[in-house]
Amino acid sequence: MKNDKMKNQYRINEQIRVREVRIVGEDGSTVVPTRQALEMARDEGVDLVEISPNANPPVCRLIDYSKFLYQQKKRQKEMKAKQVKVEVKEIRFGPQTDEHDYQFKLKHAKEFLEEGNKVRAYVFFRGRSILFKEQGEVLLLRFANDLEECGKVEGMPSLEGKKMFLYLAPKKAGVAKKSQQARDREASEVEAKEAARQQKVDVDVDTPANGGMLANAKISADALKKLTETEDE
């Protein structure tokens, strides 16, 4: 269903029925009659894909349509991976929560906020414990104060029925977790970069102009460090 929806999202080839289009590519863009653009696509063995129908004239690319759809799906996945999903995590207290339980919940609240999630803390008053609502308010204010470094209060404690709520938002945006595929790709890039750097070192060491390998056998650690920093830049 998703593939069919994406396929129908773009007009291609004879579906494009405007008088002229703007062809974009690596060499820039040019406006040509649609008939000529279709001939260009046929000559290159690709498709004429309309990527911006609301432009004047509409913008198109000369590309294999299957390849274009693959690129679009890949781009959507990358964008989705970079997005941070914000959730609201709940922390529940009683009006007479003991210190050990308080510290345990405080630790979890810190983790939630550091991950970029919001926290909704509340004190639940069961039966006649509603008489201790001031005690619940003090507890929530202490909770907000203990989380001051990683969370900001969105409103003072408020009583709603038998629950007193306090809302906290993260001070810093959470970091999206990378997929295993992304981590593997980054590791491969680092290895390739290190191999290229080492190859350059070997070539420089063995160059006759430098007196050969023996003449450069005593390259200092500082020189290697400087070379590494240059390559990384």
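A polar contact is a pair of N or O atoms within 3.5 Å; within protein, one must be able to donate a hydrogen and the other to accept it, and residues adjacent in sequence count only if both atoms are side-chain atoms. With that in hand I looked up Gln72, whose side chain makes a polar contact of 3.1 Å with the side chain of Tyr10.

Before going on, I noted that this is a predicted model, where local features need pLDDT of at least 70, side-chain atom pairs count only at pLDDT 80 or more, and totals for chains, interfaces and linings use all residues. Residues are numbered from 1 along each chain as its sequence is written, and side-chain values use heavy atoms, with hydrogens and water left out.

**Gln72.** I found Gln72 in helix H3 (residues 65-82). Helices (H or I, at least four residues) and strands (E, at least two) are DSSP runs, numbered from the N terminus. Is Gln72 buried or exposed? It counts as buried because its relative accessibility is 15%; buried means under 20% relative accessible area, exposed over 50%, partly exposed in between (1.4 Å probe, protein chains only).

**Whole protein.** I get eight helices and eight strands. Of the 233 residues, 28% are buried.

**The open sheet.** Next I traced four strands that form an open sheet, ordered E2-E1-E4-E3, with mixed pairing. Strand E2 (28-33) and E3 are the edge strands, each pairing on one side only; two strands pair if DSSP finds at least two bridges between them. From one strand to the next, the twist averages 40 degrees. Helix H2 (residues 34-44) packs on the sheet and touches strand E1 (20-25), E2, E3 and E4. The direction of H2 makes about 115 degrees with that of E2. For my own reference, contact means heavy atoms within 4.5 Å, while axes are lines fitted to C-alpha atoms, for helices over the stretch in contact, and angles run from 0 to 180 degrees between N-to-C directions.

**E3 and E4.** I checked this pair by residue. Strand E3 (residues 47-52) and strand E4 (residues 59-63) run antiparallel, joined by five bridges. They form a hairpin with six residues between them. Leu48 stands opposite Leu62 in E4, and Glu50 stands opposite Cys60 in E4.

**E5 and E6.** How do strand E5 (residues 88-93) and strand E6 (residues 118-124) run, parallel or antiparallel? They run parallel, with six bridges joining them. I picked out Glu90, whose bridge partner in E6 is Arg120.
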